[in-house]
Amino acid sequence: MPPRLIQSETFKRSLEKLQANEQTLVKASVMDLFSDISEHGKPRAGLRYHEIDRKVRDPGIHSISPGMGLRVIIHQGGDDYVLLYVDHHNPAYDWAERRRLQPNPQTGAMQLVNLEEITQVVTRTVTQTQTLLFNHYEPEYLMSLGVPEAYVEAVRHATAENCDGLIEVLPDEASERLIDLMDGKLVMPPAPVHTGDPYDHPDARKHFAVTTDEDELQRAMQGRWEEWMVYLHPTQRLLAERQQSGPVKVSGSAGTGKTVVALHRTASLVRQRPRARVLLTSYSRPLAARLEEKLRTLLPEAGLHRQVTVINLHRLASQLARQWNIPSNIISARDIEAHLRAAAQTTASDLPFPLLQAEWHGVIEPQGISSWEQYRVASRVGRGTPLGARQRKALWTVYEELYRRLRSCGETTWNLLLHEVTRALETRGPQFNHAIIDEAQDLGRAELSFLRALVSPGENDLFLCGDPGQRIFRARSSWLACGIDVRGRSHRLKINYRTSRQIREYADTLLPQISDEEGQPEHRRTVNRFSGPVPEHRRCSSPEDQLQTVTTWIKTRLHEGLTPGEIAVFTRAQPGTLATQLSEALQIPTQSLDDQAHDPGKLTVTTMHRAKGMEYRAVILAQLSADQIPSPQALQGAHDPADYEARLEEEKQLLYVASTRAREYLLSTWVGQASPLLQLRLPDVP
Ligand SMILES: Nc1ncnc2c1ncn2[C@@H]1O[C@H](COP(=O)(O)OP(=O)(O)OP(=O)(O)O)[C@@H](O)[C@H]1O
């Protein structure tokens with residue numbers, strides 16, 4: 001085999017931490033190294049390739065010196081040169097001293113191990129009363145699950161009390177399999193590598209990328225080269241690439257890489273099926289715009305990108321409606337209420353108006369019921385008060401009049417439009433071969449039925465990614481009832497790549513038990529890749545005090561080196577004057593993300609709804625007082641107790657969505673009494 005250059009994810013991460021001019025220098029040296037080993041089989045003298053003058057645990061460890069005091073740590077094993085890390089001289093060598101690169105004896109996959117971490121974990125004390133979680137498994141079995149040999153003893157001494165820290169430092173694939181064991185699942189080891197190449201195993205491909213092509217390396221070094229584009233977790237890769245016999249569900253709590261899987265799935269389908277029509281979609285327009293931007297990075301070949309339609313479902317439905325002459329003027333909430341009142345008057349109905357409203361918004365409109373025959377037998381599950389046939393008939397008389405009024409002014413609602421287009425699709429036929437949906441938890445019955453009709457049923461037809469804990473636009477709808485059967489094809493992602501363990505643990509307390517789309521309780525256990533500061537809370541004495549608190553906190557973050565684009569302030573209602581006040585106090589521009597893309601030079605100040613799909617190093621949740629969240633307006637609009645519960649649940653999930661946008665820092669502030677949704681145990685609140 002010719003000499004190879006292999007880039008590890010640890011190298012990628014360390015490179016990103018350097019200054020721009022240092023990065024340029026390192027990238028140039030990496031290009032030189034690649035051409036040297038490709039042409040001459042070894043690095044040239046100018047790169048000062050040598051063993052390091054420390055007591056390293058791994059004899060394969062070497063370094064090169066690109067200049068400016070930097071050292072690139074490289075592992076050489078035969079003809080393989082693995083880029084492991086880069087930093088200034090001392091920290092780079094400190095890092096190298098503690099690392100060992102070796103194949104897992106059972107799986108054959110190459111693994112990089114931090115020997116110091118293991119020592120810390122193994123020496124943790126375990127009391128007699130604590131139960132050892134994995135002690136009854138043979139070391140060989142644990143290694144076959146991807147646990148590096150050096151960690152086996154630590155894993156066998158893990159207890160419920162200390163396992164989080166341990167699972168955090170294990171390779172992702174091993175962590176995920178241990179979580180499955182803790183959840184009581186039977187876990188089969190991955191198949192060993194047949195090629196005999198320790199970098200070719202799916203477990204190793206999460207951490208190492210083999211470079212064989214100079215152009216590819218050049219692109220990676222010069223262009224945007226993000227970790228998620230290259231180092232997929234084996235489960236992510238499998239989901240993205242595997243043939244599926246029908247609809248697939250990928251779930252996972254916030255930050256577990258669902259969007260990344262959706263993007264790779266799209267790219268993989270397009271590459272494998274040059275003539276297929278592929279739809280990549282989501283609930284809202286900004287989410288679809290963000291998907292499109294990321295897909296362009298992942299699929300730079302313009303031809304391939306053109307094969308995919310990236311659009312949000314509502315926009316697609318209204319485009320098709322216009323094409324097929326279906327009325328597509330969307331009526332406002334206020335006008336529909338006025339029409340309903342007028343319809344009740346015209347039909348001399350004595351039914352209570354709240355009942356008319358509740359039935360319209362809770363049953364008729366979401367199900368797209370357009371005739372008495374449909375309404376007579378329609379399901380009203382979860383609607384509280386049962387209705388007899390005579391009452392239904394009386395209600396229907398009003399809705400018939402409402403429909404007549406809507407037709408005469410050529411207006412409709414989103415749900416009715418979606419149902420109309422779905423009916424048209426039944427005669428005109430599906431428009432796509434494959435659809436990939438992100439944030440699928442936000443699809444209601446109308447969107448789900450539309451989606452089903454859009455795509456030809458069959459292999460690899462629908463691929464739905466979502467988190468039932470982040471439902472903020474629509475009440476829960478059964479996928480099965482809309483013809484989307486994911487039984488036997490559901491997968492849950494368990495590694496959280498976005499947030500620190502502290503933020504994830506805090507965010508989890510905001511959510512009660514979560515049920516999936518069929519009402520089944522969800523396991524939500526995940527493992528984080530890093531730790532960080534504990535989320536902070538501040539009760540403020542007045543709005544001015546809150547402004548001062550937020551300003552000071554942001555100044556501290558900026559002082560620590562964060563940029564304005566890495567910080568966001570979210571509020572439940574429109575932030576109002578807060579954006580202007582912060583901009584003046586901090587002397588930096590702000591952005592609200594309503595119709596513009598995220599600008600890295602500006603501080604984000606916007607609503608929690610607009611936070612969806614974003615991520616920041618630091619997040620402030622401001623104006624969290626009891627009279628601001630749950631939103632009184634949202635709850636007042638509830639049509640019946642079931643609707644009230646659903647709206648309250650949405651408020652909790654909104655807070656969860658907003659909190660989980662934070663990677664490292666999270667601050668919550670309020671004036672007066674804190675929101676009951678915060679579930680505060682308040683020892684640290686002044
Ligand atoms: N395999 C991976 N390696 C490294 N980083 C990853 C990987 N997968 C995802 N990430 C990163 O983790 C973060 C969260 O990923 P993503 O947005 O796909 O999660 P999500 O599950 O869709 O989150 P949410 O539900 O909150 O929108 C992103 O920064 C992404 O780049």
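Which domains does the domain assignment of the protein give? The assignment, whose bounds come from an automatic or database source, gives domain 1 (1-104 + 203-223), domain 2 (118-200), domain 3 (226-324 + 429-496), domain 4 (332-412) and domain 5 (501-671). The model is a predicted one, in which local features need pLDDT of at least 70 and side-chain atom pairs count only at pLDDT 80 or more, while totals for chains, interfaces and linings use all residues. Residues are numbered from 1 along each chain as its sequence is written. Between the C-alpha centres of domain 2 and domain 4 there are 57 Å.

The interior can be followed next. A nonpolar core is a set of buried Ala, Val, Leu, Ile, Met, Phe, Trp, Tyr and Cys residues joined through C-beta atoms within 7 Å; a residue is buried if 20 or more other C-beta atoms, placed from the backbone, lie within 10 Å of its own, exposed if 12 or fewer, and partly exposed in between. The largest such core has 106 residues, with Phe 450 and Leu 451 making the most contacts inside it, and α13 gives the largest share of this core, seven residues. Apart from neighbours within four places in sequence, Leu 451 is in contact (C-beta atoms, placed from the backbone, within 7 Å) with Leu 313, Ala 435, Ile 437, Leu 443 and Leu 462. A second, separate core of 41 residues includes Ala 568, Tyr 616, Ala 618 and Ile 629.

Turning to the strands, which pair if DSSP finds at least two bridges between them, an open sheet of six has the order β2-β3-β4-β5-β1-β8 with mixed pairing. Its edges are β2 (50-51) and β8 (208-211), each with a single partner strand, so one side of each is left without a neighbour in the sheet. Strand β1 (residues 4-8) pairs with β8 in the antiparallel sense over four bridges, and Ile 6 has Val 210 in β8 as its bridge partner.

Technical notes: Helices (H or I, at least four residues) and strands (E, at least two) are DSSP runs, numbered from the N terminus. Two residues are in contact if their C-beta atoms, placed from the backbone, lie within 7 Å.
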